[in-house]
Structure formats: C-alpha cells, structure tokens
Amino acid sequence: MNIYWKMVMRPIINEIKPFNIVEIDSNTEELTEELIKYCEDENAHLTIIGPLKDQTDSKYYVEHEKSVEVVNQNVLEQIQLTKNYDAFIINLTRDYQELKRILEAVETNKKTTKFPPIFLMSSEAESSDSPEEHNNSELNTNKEPYMDYKDVINDFNRETERELQFTYLEINGNGILYENDPELNELIQRSVDIYTEVENENLNIREDLEKYKTQNNDLENRVDEVKTEFEFRNNKNRSVGQRIISKFPFLNMIRYMPKTGFKTTLINRKGYQEIKKNNLLDVGYYLNTYADIRKTGKDPIIHYIYNGFKEGRNPSREFDAEYYFETHPDVKKSKLNPLVHYALYGIKENRKIHGEETGSKSKNYNGEISLRMANMSIEGRVESEVSDIILRIDDKKFNLKTQKIQDKNSDEIGVFKFNIPPLFIDEKAHDIRVYDGINGNLVSKTRMILAQTRNFRDLSGFLKNSLVSPLVYAPFREQDKRCFATMEDITKHLITLSHDNHSKPLVSVIIPVYNSIKTIKSAIESVLKQTYPNIELVVVDGGSTDGSLEYLKRLDLENLVLIQNPDSKETWSARNLGLTAIHGEYVAYLNPDYSWDPRYMSAMMGAFSKLEDADALYSGQFLFEGNKKHPFAANYGSLNKSLLENRNYIDLNGVCHKHDLYKRIGGFDESLKEYTDWDWIMRMVNDSKVYSIPVLLTNHHKQIKNQPSNEKCLKQLRKKQAQRNHERTSQIKQMENLNNVSIVIPSYESLEDIQECLDAILNLNLQSWVELIVVDNNSSKAVTDYLTKMESESSIKLIKNQINYGFTYAVNQGIEIACEGNDILLMNNDAMITPGAIEAMQNAAYSLKDCGLIVPKQILPAESNTLTKHVPYASSNYECDVNLSGLFNNMLNLPLFHSGKYVELSFAPFFCVYIRNDVIKNSVGLDAEYGRHYRSDRMYCNYIRHVMNLKIYHTSEANVYHKLQQSTEVLKEKSSRDYDTMFVKNQWDDELASKFGYKKPVWDD
C-alpha cells in the first residue's frame, strides 16, 4: 500500500490539490495516516465514513482535530448532505449495488462542477477477472446484477447523464475513476507506468531471490553428494566383502539368479557395466538421498537393480524410474529394471526419462498452460490442491479459481479457462504465468504470441471455417477484409431482391426493456433508420424506474406497440409477452445493448424472398467492447447443429423468422432462467428450416467478463435438448423399397467396447432388415467366447481370424459374406449407434444426387483429447461432432446460404460410413495391400470422388458416438512389434505379404 500511495495516489492528489477528501469504509490504517499527513500539510480536511474500529477512538478527534472528522452515519446521507467533496477513496469490499448508488450520488452533487477523482481501493489489492463474453446474449437481470466492481464502473459510464467522458484505470487491483482531462490523463498514466515498472522489478527480484535460494540449496546438496561419493570410492565404512562385490559384481548377482533366472542375470550384468560406464546412477545423490543404503555400505548400482526400483527410489535427479516404467509398456512387459533397460536400449532409442518440464520453480505444484487459438482463450491444469490461482499476462494480473475434475488417469486435477481480453490479441509475444494464489509460488510459465490463426483465404474458405470457428478476432487481416467486403456485396444483392419484391410484409420487432435508458435510445433509433418500410415496434417494459418508460411514452410513433408489465423484468418473459401482441408476418428481436445496420431488415427480407422454404434466418454481427468505435471480433458461423448444441454461436438479435414458427414451437422457456435464447434457438433449428445468411449487419456493444457458467441451468438446458433429440430421432421412419443393410464391424480385443457397440445396435430391434457381421482379428479368449455366444444366438455372423490382419482386410472379409444386394455400413468396434441413425444415413444415401458415401455426426465424448483440434470453437466440457473438421479441413462447396442438414466432404474417417450396394459393386473396394490398417479410407474417398465422380456427404440427422481407437491402444500394449508394423508403418510383414501376393512398393520404405 505504501508503494501505491507514493507512486500513484500522492502524485495525483498533489496535482489536483483536493480540499475535502472523503474515505469510505477505510481499509487500512496506513492509508488513513498518509491521507491525514497530506491534509495537515495542505490545510485540507478528511472525512472518514464507516471507519475502522480503532479509528473511532479519541486519537483521531484529538490529535487531528482540524484535519479529521469520523462519521458513523449512512454513507449516502452524508454524501447528499455535503456537496463539496473533491476526492473520494472507497474500499472495494463495499456492496456493489451500494457502490453504484454512491457513484450516482456523487454525479448528482457535481453536475455543474468538476467530477472528483474516485480511488477504488482493494484491501488485498486483488484484480478481478478480466472481461469476457457471456454465453448468453441477454442482459443480467438478477436482483444482484453485479459480479464484479468493474461491472459497476461500466454500468455507471454507460448510464451517466453527463456529456463528459470518464476513464477507469485499474492498477494491481486498485482503481481510479475520473473525468477525461489531458493533463490529468498524462499525470495518471505516468504514475501508473512508474508504479508498474517498480512492481515488475519487485516481481523479478522475488523470482530471482527464489531462484538463488534454490540454486544455493542445490549447491549445498551437491557438495554433500560429492563428499558422500568420495567416501564411498575410498571404501569408508565398507567391509572387505562389500569391496569385493563392487570389484566383481557378477558374484553378487549369482545370489539373485534363482529368483530372476539365468537370462535376466546376464542382462543385469551387462546393464551394470553400461550403467557404470555412462555414470547413469549418481552415486553421491543415491547414497546421500537414501541414508539407509549409505549406512549398509552396499554397492548402490547392485542395490538399485535388485531392490531400489521396487522400493520407489530413483538412481539420479534426471532419471524418473516410475515415469520411464509406465511410459514405455514394453519395459513393463520385459520385467527388466528400468535403468538397465535404458542403459542397454533406451539411450540408443532416444527414450525420454522424465516428464515434460513446465518451467515451474514452485516446490509445491506443477501445471501447464495452453492457448486455444480459435476462441482466444488460455486453458490450464494445475495440481488438485490449488484452487486459487493468479494468471499474469505480462504485467497484468487476473485472479481465477480452478474447477476440480477427474482426468483420464482418474487423478483429480484443477482446470481453468480464461478468455483473453481483446487488448492483448495484438499478434505479439506475451509472457503468461500462473501462480499459486495462496503462497505466490510460480506454477507454470510460457511465452505465447496471442494471435488467432486463419484457415481461409477467400469467402469459400471463410464459410467452411465458420462451421468450426465462428469467431474472427481483430486485428483483421487482408483475408478477413476481402471476405467482409464480399459480404457487403451479398448485402447489396439481398437488398436488391427486397426492393424488387413489391410485397412488403409487416415485420414485428420485439424489444425487452428494463432500466435501459442509456442504450434503448440507440437501439430504437437503429430500428427507425431501417430502409425496410414496414416495421412494427413492440416494446415491453418490465417496470423501469430510470426514465426508460417515460422516454418510450414520449415516442410519437404510429408503428409502436408499448406494453407495460412490471412482471416482465426478465428478457425472456418480456419477449413471450411481446409475441402474444405482434401483428407481423415476420418476427425479429433486438436487445437494448444491440443496434442494427440500417440495411439489416431489407437484407433479411431479401433473403426470405430468395429462400422461399425458409422458416427462419440468422446473420452475423460485429462485437464491440463497451463504447469503442472499432470491433474486437466478428461473429458468423454457417449452420452446424452439433456445434450449436455444444456451444451457442447464433445470436438471437440476428434472427428473423416467420410468425408461424412461434405458433409451432412456442415461446421462450421461462423455467430455465438462463440460456433461454440458446434453448429457443436450438428448438428453432431442430424443428424448422433455418438458413445462415453471411452478412454482418448487427452490432453488440458488450461488457465482456470472465465468469463461470451457471452449471445448474446448463445441465437443465442440456437435459431438455437431449430429450428433444431422442424424440426427434425416434420418429425417423425407414423409407420404403430400400435395400437391407449389412453392418460390418472389425474387432480386436476391447471386450467392453464390442459389447456396447453390439448392444446399441441390437437394442434398436432392426433385425428384420439389418444383419450384423463381426470379423475378429485374433482377440483373446474372453472376446472370442462372447462373440461365439452371440453367433450361436443368431445375433451376428462371425469370422474368427487366427492372425490380426488389421482394419482393411477384416472389412473386406465382412463385405464378402454380406447378403447379396445389401448396402454396407462399416463401423468401428468402439462406435455406438443411436436410434434413427441408420435410417437417416440410408435416406440421405438415396435422396442426394451423385452420392457415393454418407457419414454421420462422429460425436466424441466430453474431454476427448482431439475434440477441440477438430472443432476449435467447441467447449471440451461437452460432446461434439468432429466429422466436420478444421483439422482435416474436409468441408467442400458449402452453400452461401446453409441449412445445416448436409455438408459435402473431401474425406471422412471410416469409423462409421454408409455405402450403397451399387457403389461397392462398381468400385475396386477398400485397398488392403497399400492400406493395411489405415490410409484405405482416404484412398477409397479419393477413388469415389475422382474416379467414380461421386460425392461424400455428412448428415446432421445421424448421431454415432465414438470412443476413439480403443483397440489400437490395446494393440500397443500387447505387442509393440505388431503395433509398429501395422499401425506405425502400416505395412505387411514379409510372410503375410507373400501369403496374399502383396508387394512392397518402392515409395514405402
């Protein structure tokens, strides 16, 4: 606090020379004493309202009689009684609602005079979370709307009636709010720069001190270790027998031969020699760390080979024995001591001997940091004990809390996610550090260039990319600008269509209002400025007390329908009330903190005239931080139903729909309380024909903040959507006169997976037109016994191979025994089909022109490692389809106006693929010779597209879950040789190649 006073507060106060200072809820006696000294020097006066307990005693009245007044009365009463305060210091532990009222009272008192600087002080100098976009586009309308004191500042700045501009500056958790003034701006910025520089230097000093302490401790340990090793080498406290053993170690190894066997003993002997030759066991470290061994005088290498590893000891600082043993399954299988294995084989194979370094100097915790480029967020993991962390971007500090989860190894860890403030997304390198929020130790650090990657160069690429990455962050690049410019041309085209359409149907615009006086004016003006001539304005006021209602009543508009209902404070209930009063053939929505480009409605109505089957349309928007003139991002995503269910990216303020849609699907679900926009949009997409319209004609001026989602409401939302999905898929009917289907499943090990796979299919009761064929590639007895039982019950056809031939050969075997004329559905044994999926794929295969292959949504479970690699915008906390993949960049020829039902692909992995019978017959089939275990799916996709001139389609109507290569993991553990040949090299060994007449091509070395 003393540094902050000297370098920030005192220079500012000395410059403005306040005569009457008020300190509200004094947070430290030290600060109060500094303020008193200033008042005595400058003959000023300090009023303390809501004092600390010890500030009510006589010393403040007697010692500083002229300088200090201590007041216990209500803060607002005191401020209203006294209008001449010219500097405020307010403790941030104060209730946020009351803080807002204090700011408003100060403003009222100072309407005709200079607004006083307000210092907002945190007793612990902790910064709140930085702004972040909210998942929901609705305003926060809870009884306690402020989650952070910066929300109060932003609200005050937005709603102030003064024409002057305010600046709020946060410095290490404390803040200053003041009216813009060139001289004051320069003074404050200079003070903040100096303070920041000093704080950074202090941080560096603390880090250097910690580093030097660690280095000093390490040096002392090394000195002790050298001394211990010297004593060992000189045979101090060692018997004659122990000395002989060190000279002739094999004599001692013979003692262990009955337990280890002759072969292992010979290997250990050779390993001993290599360990000693390469100094792989640090004698000083080993004997100094494990004093019990030092006292025995035993040879440390002999001890480690036969006992040390079993007892959980490490041979050196560098070698993590447990890591080496667990990371390399072949070592575990060999039953060799890990150091022996490393000495004989691991060094040559360049194997890792410890986990990745995090760069952390903390003695307590480890962690990791990663950057999500698509949505510009920082994600991280720390050890489970850490619940409070401090994230620093350069010199800016953010306080976060971790969320406890179970990782794939069943260990509890803490995870966090932080949306990067737009000001840091500048395509420059930044230092990112994570500290333990309790003791301040560094947990992890890295250096990152905070810039969003672009996977497109033109509008075609932009539209495809928008399926998986709807947000494009500033600074905008040339490829962004050429796409935005093309979208302007699309706008002109749609407006022309609207003008050519002589019918101008009425559009009803619903605006919910509650205490929105500062934003409602610009929102309504943007509606009144629309070039489309036939608009009805339906405004629902929820009992505003800030002048909003009076403003609305003063509007003299023929097309205004004003509804007053104090029970409609929440936006969703206000919209529902508005929907009952509309007269338009079309409906649109606008929140008070949004505005429309004057061309918005003309463009949307032009799109409706072009897309006659459309029930609803939606556009994109530019996102602005507060009242800034330039956007920090553009948000537009072509319709991807799976991504929409994972994470919302369609803004209701860019949605326009036919009135009949509301009659069919109903209004907004008020039982949710939150995420009502998202819920309604998913219902709209599920139950109607919706098109995405690539124009950017809406603007959102938002106060973005990092805050956790309402998990209770979120779970309720997802439960409702899952129920709707189940009801919809169960209604899909098999089309008449279509072929029967043979499902071919190659199987290898993983009993639980194949059981779940088959059960999911059999539970659908499709046996009358679907046959199941399983080709097993030499699994263990438990798996083959289960499959044999299924065959005996006539549930499946079964082929049992005595050799693991791999995926492709097994698939071809299954196709060969399929019933004549059947279509083929290929499935992995770790895939689980859902109701209606086969019917949906079959319907698509026969209804789409030039269709060669149909693939479903490949839904990965939450927390799957590759989920966000395929769909960068997705939340890894929830399942999502990855067949539309940014990683594969496999989307083709996306329509300009996209309905989300089908997408043409260049490739899709054959975890699940539907192939018509005629396509199989007319093709060369899957090529097992050059694609034994993989590659054959890409080869077949290429053949379908380029030789047969057919297309590959993705359908959003079919859901199939995928657990991701479970059998491959088993193969890797069971036989490293087979794994290397089949999966790594994707080749045939000489014996099998000769058996099938396969030749190794010259290009496959």
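How many aromatic pairs does the count come to? I started my notebook with that one, and the count comes to 32 aromatic pairs.

**Entry: aromatic rings**

I kept in mind that this is a predicted model. A pair of aromatic rings is described by the distance of the centres and the angle of the planes, so I wrote down both values each time. I looked up Y85 and F88 and found an edge-to-face pair, with 5.8 Å centre to centre and 80° between the planes. Y85 and F88 are both buried.

My next pair was W596 with Y600, which is stacked. Here I noted 4.6 Å from centre to centre and 25° between the planes. W596 is buried, and Y600 is buried too.

I also looked for rings that gather in a group. Y805, Y809, W988, F996 and Y998 form one aromatic cluster.

**Entry: the whole protein**

I then stepped back to look at the overall make-up. The protein has 37 helices and 36 strands. Of its 1005 residues, 56% are buried. I noted an accessible surface of about 45700 Å² for the protein, and 48% of that belongs to carbon and sulfur atoms.

Among contacts between residues at least 6 apart in sequence, 72% join residues at least 24 apart.

**Entry: how confident is the prediction?**

I checked the pLDDT next. Its mean over the protein is 84, and 87% of the residues reach 70 or more. Which stretches stay under 50? I found residues 124-144 under 50, and the model has 83 contacts beyond four places in sequence for them. I also found residues 356-363 under 50, with 20 contacts beyond four places in sequence. Where pLDDT is low, the predicted coordinates should not be read in detail.

**Entry: salt bridges**

Side chains of opposite charge can pair when their charged atoms come close. I searched the whole structure and got 28 salt bridges.

I picked K401 and D388 to begin with, whose side chains meet in a salt bridge at 2.4 Å, N to O. K401 lies in strand β11 (residues 396-401) and D388 in strand β10 (residues 388-393), so this pair ties together parts that are 13 residues apart in sequence. I wanted to know how open each partner is. K401 is exposed because its relative accessible area is 62%, and exposed means over 50%. D388 counts as partly exposed, at 22% relative accessibility.

I moved on to D480, which forms a salt bridge with R454; the closest N and O atoms are 2.8 Å apart. D480 lies in helix α19 (residues 478-500), while R454 is in the loop between β15 (442-449) and α18 (459-466), so the pair ties together parts that are 26 residues apart in sequence. Are these two buried or exposed? I found D480 buried, with a relative accessible area of 0%. R454 is buried as well, at 12%.

K789 is partly exposed, with a relative accessible area of 47%. E793 is partly exposed too, with 43%.

I also came across a network of salt bridges, which links D292, E311 and R313.

Which residues make the nonpolar surface patch of about 480 Å²? I listed V240, I244, F248, L251 and I254. I placed one of them in the fold: F248 is in the loop between α8 (240-247) and α9 (249-253).

**Entry: two single residues**

I looked up S377 and found it in strand β9 (residues 377-383). S377 counts as buried because its relative accessibility is 0%. Leaving out residues up to four places away in sequence, S377 touches S370, L371, R372, K417, F418, N419 and I420.

At 22% relative accessibility, G547 counts as partly exposed. I also checked how G547 sits relative to K518. G547 and K518 are 29 residues apart in sequence, and their C-alpha atoms are 9.5 Å apart in space.

Terms used: Residues are numbered from 1 along each chain as its sequence is written. Side-chain values use heavy atoms; hydrogens and water are left out. Buried means under 20% relative accessible area, exposed over 50%, partly exposed in between (1.4 Å probe, protein chains only). pLDDT is the predictor's confidence in each residue, from 0 to 100. Contact means heavy atoms within 4.5 Å. Patches are made of residues with over 30% relative accessible area and no salt bridge: like charges are joined within 9 Å, nonpolar side chains (Val, Leu, Ile, Met, Phe, Trp, Tyr) within 5 Å. Accessible areas come from the Shrake-Rupley method with a 1.4 Å probe; for residues, only the protein chains shown count as cover. A salt bridge is a side-chain nitrogen of Lys or Arg within 4 Å of a carboxyl oxygen of Asp or Glu. Helices (H or I, at least four residues) and strands (E, at least two) are DSSP runs, numbered from the N terminus. Rings of Phe, Tyr and Trp (its six-membered ring) pair if their centres lie within 6.5 Å; planes under 30 degrees apart count as stacked, over 60 as edge-to-face and the rest as tilted.
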